[in-house]
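Hi,

Here is the structure I promised to pass on. Have a look at it first, and then read my notes below.

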Amino acid sequence: MRVYESPVARIGLTVFALAVAGFFALPLLWLITAPFNPRTTLAVELPSEPSLSNFETVFGNSFAVRALFVNNLIIAGGTMVLVAVIATLTSYGLSRTRIPGRDLLIYVLILFSSVVSGTAAMVPIFLLAYNLGLVDTLTGVILVMTGGYLPSAIFIMRDFVDSIPRSYEEAALVCGASPLRIFMDIAVPLVRPGVMVVAVWTFVNAWGAFLIPVVLLRSPENMPASVAFYSFYTEAGTPLLTLVSAYAFLYTIPVLLLYLLVNWKFGFRFFGGIKR
Amino acid sequence: MEERSAGVFSGKVGAAFLIPALFFIVVFLIFPFVWIFYLSFTNQTLTGAAAANPQFVGLANYARLFDFERWMRAGEFGSSLWITTRFVLGSALIGQAGLGMSVALAFYRRRGFLREMVYTLAVLAWIIPEVVVAFCWWAFLDWRSGTLNHILGSLGLGQPDWLFDHPLLSIIIFNTWRGAAFSILLFSSALETIPPSYIETADVVGASAWQKFRDILLPMLRGHVLTDLILITLWTFNVFTPFLLTGGGPVFRTQLVSIYTYRTAFKFFEFGKGSAIAVVMMLINLALAMGYLTMLRRRRVTA
């Protein structure tokens, strides 16, 4: 539809695009080169003798392996299952019941979750967990994360649930199916894409979270990867870059894979009503 | 819309679906919000006598926060608020929103490789775990071997020790980088809703690019711009990630309010004072959220 565009404008756009791309890409280069350099420094340099020795160091460190492949999976997986199940139930219930002022209610809920967030919320939540005996347990971390992510997950899920037709459910209702059966056999299969988006979103958030585990957990054997990084230091207080870089690489891979999966299935876009 | 809100289920059945979510929201959102007001009037600690039997201390915690004799000194509450204000202005309102609008406008009604590349890289910066990006930026900004100073050096520009000489500027640029994807995506999808005929008409009468932006795009995007500004202000105000890059230093120079809260409550275990800070933070959050809601409702009325 663009009828004419001057070459100057084209060059200008290209230069601008390359500058912005450079701004976003340059800080990440280290994550690609450093893990394969057996003598890792803070510089971005192509290793003269690329090797996987840094990864061997990671896999030889049982604490690091446990943090990444056990604790992180339990925390992110557990939170993912809880949030996906509860968000699906909730947005379905909200969508199929007459509740006055429902849309406003959901907006208030999601904004309230932004109000009770970050370090400010961690003060009462830590004391709550402390009194419930949930400090230094993975269960505590999962429950607190679920509470924090649920409002946004309900918000994302709402779009998917609202868009499925009701005629099947009404037909099933006429045939005398119970609400739970309608939910399991009709609604859940239809909103499967929504469940997947919510699950991926929750997993990625819980996988990368630092603040909640660092506040709630104490013992080294419970630490997830985000906190484990801070024990890879020499006694002089400088990070062991060989270990850190390879660990960061391994820790990032699942996030990238899930991003590619969502991008391939749905195209990365806004979910929920934010795009209004 | 009205028709769709008719229920398939009765109220009772519908309520049953909501019970698990209500449990989590009441226990982990509403209760902490109410409880923290109470805690902020006590001398709660984690160890010692005040741990088992916290005493009611009235406004003492607030008096310590708002002790105007010392409140602008390094490491005190006032100075943290001032650092946070500059951080939000610089990284959210100017950095993220400015970059977001520039990128969205530059790629308005365009497709192709350049756009894909810029958008993908911005999204990667947004979704990679915060600890990883903190290490990446720590390497990037390193005085001696960091990529940034290599580039500046080869251009013959100065090579400052970023995290030491310009710590606040460093975390402002870092947070712009980290969060710009949201504004880019929001403004891009907002621009797509503007009918192309508006711009074409303006082209016919020979409007300049700036006139088109000011007289057509900006008025039509007003709601989206406000939405974006309020949300990124809210998030940036609470963000904790800069702690991973600077730890709040050197000498408290990047001690955002979120980091101040963290240190007070979880390094020194002064939960009474920590609660008072958290109350102030949440009230500021609440004001921002109310502004957002009011705006949404006003838009719905005019729409």
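To start with, which residues of α10(A) are buried? They are G194(A), V197(A), V198(A), A199(A), W201(A), T202(A), F203(A), V204(A), N205(A), A206(A), W207(A) and G208(A). "Buried" is used for a residue with 20 or more other C-beta atoms within 10 Å of its own, the C-beta atoms being placed from the backbone (exposed is 12 or fewer, partly exposed is in between).

Before going further, some housekeeping. This is a predicted model, in which local features need pLDDT of at least 70 and side-chain atom pairs count only at pLDDT 80 or more, while totals for chains, interfaces and linings use all residues. Residues are numbered from 1 along each chain as its sequence is written, and chains are lettered from A and ligands numbered from 1 in the order in which they are written.

Back to that helix. Helices here are DSSP runs of H or I with at least four residues (strands are E, at least two), numbered from the N terminus. α10(A) covers residues 192–208 and spans 24 Å from its first C-alpha to its last, close to the expected 24 Å; that expectation is 1.5 Å times one less than the number of residues. Since 12 of its 17 residues are buried, α10(A) is largely enclosed by the rest of the structure. Its cover includes α4, α7, α12 and α13 of chain A, together with α5 and α6 of chain B.

Now for where the chains meet. The contact involves 77 residues of chain A and 74 of chain B, with two residues in contact if their C-beta atoms, placed from the backbone, lie within 7 Å. On the chain B side, α1(B) gives the largest share, 17 residues. That side divides into 57 nonpolar, 14 polar and 3 charged residues. Nonpolar means Ala, Val, Leu, Ile, Met, Phe, Trp, Tyr, Cys and Pro; charged means Asp, Glu, Lys and Arg; the others, Gly among them, are polar.

Chain A also has two domains, 1–51 and 61–275, with bounds from an automatic or database domain assignment.

Finally, confidence. Chain B has a mean pLDDT (the predictor's confidence in each residue, from 0 to 100) of 86. Its lowest helix is α2(B), at a mean of 68, and its highest is α6(B), at 94. Residues 1–5 of chain B stay under 50. The model scores ipTM 0.88 and pTM 0.88.

Cheers
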